[in-house]
Amino acid sequence: MKKVLGITFGRLQRRAVGLVLLVLVLTVAVFAVVSAYQSRMLVKIVGETRDEQQSAISQTSEATMQQMLEATLIRTTSLQANVADNDFAEVVNNVYMLQAMAQGLFENRQGLLPEAFRLPDPSMEGTPSAMVLCEAGVDYTQSEYLGTAAHLSVPMIAMHRISDKIDGLYIGLADGTDLCVDEKPRIKLDGNGEPIPFPVRERPWYKGAVEAGGLYFTGIMKDAFSGKLVVTCSAPVVADGELVGVVGIDIVLESMADFQSAAANGGAVFIVNDKGQVIISSDQTGLFAAAEANVARDLRKLGSEELSQFVDRARSETTDLELLTLDGREYYMVGSPMPTVGWAVVSAVDKELTQQPERRLLGEYDKINVDASEQFRSGAARVGTTIVLMFAAMLILGALAALLATRRMVRPIEEMTQNVITCGQTGGLFQMKDSYRTNDEIEVLAESFADLSKKTKRYIENITEITREKERVSTELHMANQIQSSMLPHIFPAYPDRHEFDIYASMDPAKEVGGDFYDFFLIDDDHLCLVMADVSGKGVPAALFMMISKTILQSCAMLGRSPAEILRKTNEALCSNNQVEMFVTVWVGILEISTGKLTAANAGHEYPVIKRPGGRFELIKDRHGLVIGAMDSANYKEYELQLEPGTKLFLYTDGVPEATDASNALFGTQRMLEALNGAPDTAPEQLLKNVRKAVDSFVQEAEQFDDLTMMCLEYRGKDVQTNEN
Amino acid sequence: MLEIRKTVAKETAVFALEGRLDTVTAPALEKALAESLDGVTDLTLDFEKLEYISSAGLRVLLSAQKSMNKRGTMRLVRVGETVMEIFDVTGFTDILTIE
């Protein structure tokens, strides 16, 4: 018993609780492993799903973006190309118109009156007006052409008013003068109100048109006075085979607002001319920015074959949405031709920009995912904590439940154990109690105990009874033994007053009472009768048979019969009513004390041993008759021995030669004779003791099996007695 | 220790004994004989391997001899020297048929 928290636990109970706890812990462990595995799987699935979704979003987004771009960019670009072409076509038409008008005027100038013209007038600022400019050193008043050209003032002013794309119109004349129409007369005058010289024939539009011999577009250039970036479209005027001047129209790039708005989309829209130069662009500073003609790069010569081909293609047809890599960046590009001027409008969108929504989407999605994962994790942690608490509660409740259950089970067993121990100590009867009536194995056990207890008690009573009985029998046998012994002559010296002989005998029964017996008695003063007998069998029956035999033998002897007659009579008497077929071997001898003549008869008994004076002990191989009690018809022969004084006669039963040692070897008559001859001249008593000692040392540990009965007679004769007397 | 091997065929019975026929073992032989001798007229006891016989054994032989005298014959065969000596000493040679 062990005390924990004031409660006493039996070993049984501790084992039961331990078992329950073990089962619980194992269950929890299995559950924990499964949970952990599932949780890991879940996290893995969430992660994989997230990756898959992101990839799908990415692909879908990119595809969608590309489709959108393709749809819109191609449409807007070709639209813009159309619009731009229309705008330029309008300007070109106007240039052609001016050229035609100028040509007509100059070819017919003979019949025309010179029209008035004047220098820039600051008061006309903000209103389109015609003004004269001239090269340094040229006197415009002397000009032959100005008067004719001035006829164009009205149509040029009209053109300026109609079109918002026209910044200025002019006709440069071969004599270094120029008639110009625009809204800015002030900037053409210096601080003193004098006109600023204008190198007419040096201007690119003039030279270009003369060189081209037809319609000519300048690249982007700065306006001579305002410094604004303009593109000029010009055409030479030839009258009667003579170059008289060049007509030109300035197109203000800022006026093409569409291109500016395009920039808001995050892309660039630009016009590329037949020289590959960007002439108008929404891109102010980047790759596709417009530049003045003298510094503008040819896009086809930037080193990108792709771009070069794209630009050429764009000037002839509307391209597909193409992805080009320029300066390490990717651009979606669409080009559309402007057929009137042989240029192209190109839209370019940095791929990076198209990916921004996708990135935002992915970022947003990732944020949602991360939030969800975080919530999942914290949720899982909460669930984990709950599970741990639940398990703790399970363990505690399980332990308590097991404790209570086992207490209920174990208490009757403990009581029973105590009860059994008490019963064992006091020898009391095990009593059934109500607490054992548990209606299960405990009750069966208790009943078995009660039953066993009763049986044990009865058994102990029986044993006590039997033991008592046995002790009684034993006592009686002991008494029988005493009676038997007392019936044999057992007081030595037996005849202290007879010096003619000495006699000594002993009997050691194997069991309480034996079947051996010896006897000696005086028939009369001169006749000593000696009897040595051995009844077959052992114990009480043998003892009883021995008693009868002894009595009959003695009776017959006392009647003075000879040994053979004694045996015959005894045999008859014993055979007449022998139901158990017991028999007895008998040697009987009658010594005539005065003469030493021994008459003897042997009924199946061992050979007697004789030691004549001066000789050694030796067997007398006498004649044997049948054992007494076997056959009623048996006959016995007697024989005579003459004993000299000093002769010793040794008689014994088969217990002596047939004593066996542990290995079943027989003591034998030879060893018996040796024992006797060891000290042949000692007194009968000592001789018997010597034999006994030899038998004991031979037999050693083995059980004494047969009775050991011996008798020794020493015949001294009359002479000895006389001498002693 | 005594080993008894018995062969019973109708009226003929052979008992071969091995070991010691003494107080302890004699009842076994007595029982075996009592069980088997019904209707047997020719009983043979083979004493070749019998080492020793005590008075209790002699009693059983005597009983058997008397029983067989009433209905047939009993003979002892191959009796050893030790046992023969006991028969001589006890005079049983006079009442037993020893071959």
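A residue is called buried if 20 or more other C-beta atoms lie within 10 Å of its own, exposed if 12 or fewer, and partly exposed in between, with C-beta atoms placed from the backbone. The model is predicted: local features need pLDDT of at least 70, side-chain atom pairs count only at pLDDT 80 or more, and totals for chains, interfaces and linings use all residues. Residues are numbered from 1 along each chain as its sequence is written, and chains are lettered from A and ligands numbered from 1 in the order in which they are written.

D240(A) is exposed, with 9 other C-beta atoms within 10 Å. Its phi is positive, about 55°, although D240(A) is not a glycine. The residue sits in the loop between β7 (229–239) and β8 (242–252) of chain A. Helices (H or I, at least four residues) and strands (E, at least two) are DSSP runs, numbered from the N terminus. R78(B), also not a glycine, has a positive phi near 55°. R78(B) is partly exposed, with 15 other C-beta atoms within 10 Å. It lies in the loop between β4 (73–77) and α3 (81–90) of chain B.

Chain A also holds a cis peptide bond, between F492(A) and P493(A), with omega about -5°. P493(A) belongs to the loop between α8 (441–487) and β14 (501–508).

In chain B, 4 strands form an open sheet of mixed pairing, ordered β1-β2-β3-β4. Strands pair if DSSP finds at least two bridges between them. β1 (2–9) and β4 of chain B are at the edges, each with a single partner strand, so one side of each lacks a neighbour in the sheet. Parallel strands β2 (residues 12–21) and β3 (residues 42–53) of chain B are joined by 9 bridges. R20(B) has Y52(B) as its bridge partner in β3(B).
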